[in-house]
Amino acid sequence: MTCQHIKTRKPERGSVNFTTQTTPEHKSRKRSVVLNSSVKARAGFLTLYYTGLRTGELLALEYGDINFKDCSLTVNKSFQRIGNRDVITPPKTPKSVRTIFIPEFPGTS
């Protein structure tokens, strides 16, 4: 199995910030933001949506955590804001360290 549906390119610096509120109004607003936002923000949101990653786990991902051959992400750290400092920490529990496989979407092969 290969990740032919994923186009690789040099990673960009920056972060995407999403809230975890799930009221119908927030879902509608998130959908609107995703449809009208940058490619980077859309990619971040879709990664959260289809993989179940926590926001902090997404923000802590590094290029080396992505396996394009096996279509997977390795989750082994989390991003947190403690006071006014950005900190990368181990996940909350040992079970949070995991490998997540990226689904292949119809029409992307």
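## A walk through the model, starting from a ring cluster

Let's start with three side chains: Phe45, Tyr49 and Tyr50 are linked into a cluster by ring pairs. Rings of Phe, Tyr and Trp (its six-membered ring) count as a pair if their centres lie within 6.5 Å; planes under 30 degrees apart make the pair stacked, over 60 edge-to-face, and the rest tilted.

Before going further, a word on what you're looking at. This is a predicted model, where local features need pLDDT of at least 70 and side-chain atom pairs count only at pLDDT 80 or more, while totals for chains, interfaces and linings use all residues. Residues are numbered from 1 along each chain as its sequence is written, and side-chain values use heavy atoms, with hydrogens and water left out.

Back to the rings. Searching the whole structure turns up three aromatic pairs. One of them joins Phe45 and Tyr49, which are stacked, with 6.3 Å from centre to centre and 20° between the planes. Both residues sit in helix H2 (residues 39–51), four residues apart, or about one turn of the helix. Tyr49 also pairs with Tyr50: their ring centres are 5.0 Å apart and the planes stand at 85°, so this pair is edge-to-face. Helices here (H or I, at least four residues) and strands (E, at least two) are DSSP runs, numbered from the N terminus.

Phe45 is buried, at 17%, whereas Tyr49 is exposed, at 57%. Tyr50 is partly exposed, at 42%.

Now look at H2 itself. The buried residues of this helix are Ala41, Gly44, Phe45, Leu48 and Thr51. Looking down the axis of H2, they fall within an arc of 160°, so they line one face of the helix; that arc is taken from the directions from the helix axis to the C-beta atoms. Val39 and Tyr49 are exposed on the other side. The length of H2 fits too: at 1.5 Å a residue its 13 residues should span 18 Å, and the end C-alpha atoms are 18 Å apart, which agrees. The expected span is 1.5 Å times one less than the number of residues.

Time to zoom out. The protein has three helices and five strands, and from the N terminus on they run α-α-α-β-β-β-β-β. Of its 109 residues, 28% are buried.

What do the strands do? Three of them make an open sheet in the order S1-S2-S5, with antiparallel pairing. Strand S1 (66–67) and strand S5 (98–101) are the edge strands, each pairing on one side only. Two strands pair if DSSP finds at least two bridges between them, and S1 and S2 are joined in the antiparallel sense over two bridges. Strand S3 (residues 78–82) and S4 pair in the antiparallel sense over five bridges, and one example has Gln80 facing its bridge partner Val87 in S4. S3 and S4 form a hairpin with two residues between them, and Gly83 in the turn has a positive phi of about 65°.

You'll find Leu73 in strand S2 (residues 72–75), where Leu73 is the bridge partner of Ile66. At 5% relative accessibility, Leu73 is buried. Contact means heavy atoms within 4.5 Å. Leaving aside neighbours within four places in sequence, Leu73 is in contact with residues including Thr47 and Thr51, as well as Ile66, Arg98 and Ile102. Leu73 and Ile102 are 29 residues apart along the chain, yet their C-alpha atoms are separated by 7.3 Å. For the protein in general, residues 24 or more positions apart account for 51% of the contacts with a separation of 6 or more.

Finally, how confident is the prediction? pLDDT is the predictor's confidence in each residue, from 0 to 100. The mean for the protein is 77, and 70% of its residues reach 70 or more. Among the elements, strand S4 (residues 85–89) has the highest mean pLDDT (93) and helix H1 (residues 24–35) the lowest (70). Over residues 14–20 the pLDDT stays under 50. Where pLDDT is low, the predicted coordinates should not be read in detail.

Technical notes: Buried means under 20% relative accessible area, exposed over 50%, partly exposed in between (1.4 Å probe, protein chains only).
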